[in-house]
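Q: Could you walk me through a fold, one feature at a time? I'd like to learn how to read it for myself.

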Amino acid sequence: MLRTGRRAAWTSDGLVQPRAALDGVAGLTAPRRAGRRRDDLDALLALQRGGSRTPLFCLHHSTGLAWSYAALLRHLPQDLPVYGLQTPGFTDRRAMPGSVPELVADYVERIRSVQPEGPYQLLGWSFGAVLAQAVAAELEAQGAEVALLALLDGYPGGHHRRDEDGPRQDGDRGDAAGVDGTLVRIDGAADQEGRALLDGPGAMSPPADSFTVNVEETKEHMIRLAQGHTPRRFGGGALLFLATEGDLAQVSLAAARSTWERYIAEPIEGIEIAADHVGMLRGTHAETIGREVARRLVTPETTS
């Protein structure tokens with residue numbers, strides 16, 4: 001397993017640096033939550049600790065970060081452990097995975113280090129949905145049960161045209177048939193907003209422009225991985241959230257489900273969210289998603 005999670009902080013110019021490299025540097029303070037340091041760039045990031053329920057694992061989108069999922073925490077049970085899977089390449093570019101299967105193998109090992117046996121609960125937004133489905137297929141291949149697979153407006157192949165084939169998302173550059181070639185990415189502000197929720201008042205935040213520069217290479221790399229990935233079939237079902245607003249919302253819920261049907265054997269339950277793709281984890285939309293996910297979580301065993 002690639003073990004590159006290390007304490008990190010933002011330098012004065014907004015670049016991510018391992019915490020060890022910053023020891024003794026004047027004017028830099030560690031981000032804190034509940035009075036202690038957090039490892040913001042850990043490949044397995046604890047978003048909500050404690051509790052004895054079956055954990056929820058959230059797979060990063062194209063930025064490689066899982067901070068944005070912090071927006072769901074207030075709408076999930078407080079005794080639910082929640083973890084974010086993040087790319088190990090932030091603190092060591094040599095650890096940047098070269099394929100989705102390589103990512104998945106690493107993430108499955110990290111997940112099983114926390115929860116050795118199923119049932120597993122997985123969630124992913126945009127490219128994170130592709131990763132979540134791939135992790136579900138791998139866990140199933142290893143003989144484990146996946147009880148929940150929640151897909152937030154993410155689709156196989158990493159992109160689709162705005163027509164009957166499905167919605168456009170991270171990484172679609174269009175094609176030779178005259179489709180608009182605009183590259184659509186997750187708004188980096190969603191990660192910064194999630195970080196602020198985790199850190200609390202007074203925490204150090206990265207400058208927006210430096211943050212964008214810092215993750216651009218990761219985003220381009222993840223887009224290439226998504227476009228070159230063909231999913232394996234997962235034998236269970238899924239919960240699919242479809243963004244219905246904005247320029248990208250040009251597809252029906254039935255068409256969105258159909259993009260996954262060859263890769264997901266059991267029924268795909270669809271829920272429409274009146275948000276655009278990049279706004280799904282904001283405001284009342286996060287509340288709706290959190291509530292629907294919470295309803296489908298594994299029920300804690302009753303002890304006598």
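Q: Leaving aside neighbours within four places in sequence, which residues is phenylalanine 57 in contact with?

A: First, the ground rules. This is a predicted model, where local features need pLDDT of at least 70, side-chain atom pairs count only at pLDDT 80 or more, and totals for chains, interfaces and linings use all residues. Residues are numbered from 1 along each chain as its sequence is written, and side-chain values use heavy atoms, with hydrogens and water left out. Contact means heavy atoms within 4.5 Å. By that rule, phenylalanine 57 touches Leu44, Tyr83, Leu85, Ile111, Val114, Gln115, Tyr120, Gln121, Leu122 and Leu123.

Q: How many residues are in the largest nonpolar core?

A: A nonpolar core is a set of buried Ala, Val, Leu, Ile, Met, Phe, Trp, Tyr and Cys residues joined through side-chain atoms within 4.5 Å; buried means under 20% relative accessible area, exposed over 50%, partly exposed in between (1.4 Å probe, protein chains only). Here the largest core has 45 residues, and Phe57 is one of those with the most contacts inside it, as are Leu122 and Trp260. H2 supplies the largest share of this core, 10 residues. Apart from it lies another core of 35 residues, including Leu47 and Trp125.

Q: In what order do the strands of the open sheet lie?

A: Strands of a sheet pair through backbone hydrogen bonds, either parallel or antiparallel. Helices (H or I, at least four residues) and strands (E, at least two) are DSSP runs numbered from the N terminus, and two strands pair if DSSP finds at least two bridges between them. In this model, 7 strands line up as E5-E7-E6-E8-E9-E10-E11, with mixed pairing. E5 (44-48) and E11 (268-273) are at the edges with a single partner strand each, so one side of each has no neighbour in the sheet.

Q: Which way does E7 run against E5, and which way against E6?

A: E5 and E7 are antiparallel, joined by 4 bridges; alanine 46 has tyrosine 83 as its bridge partner in E7. E6 and E7 are parallel, also with 4 bridges, and leucine 56 stands opposite valine 82.

Q: Are the faces of E7 covered or open?

A: Both are covered: Val82 and Gly84 on one side, Tyr83 and Leu85 on the other, are all buried.

Q: Which strands does E8 join by 6 bridges, and what packs on the sheet?

A: E8 (residues 120-125) runs parallel to E9 (residues 146-152), with 6 bridges joining them. Helix H2 (residues 127-141) packs on the sheet, touching E6, E8 and E9.

How values were computed. Axes are lines fitted to C-alpha atoms, for helices over the stretch in contact, and angles run from 0 to 180 degrees between N-to-C directions.
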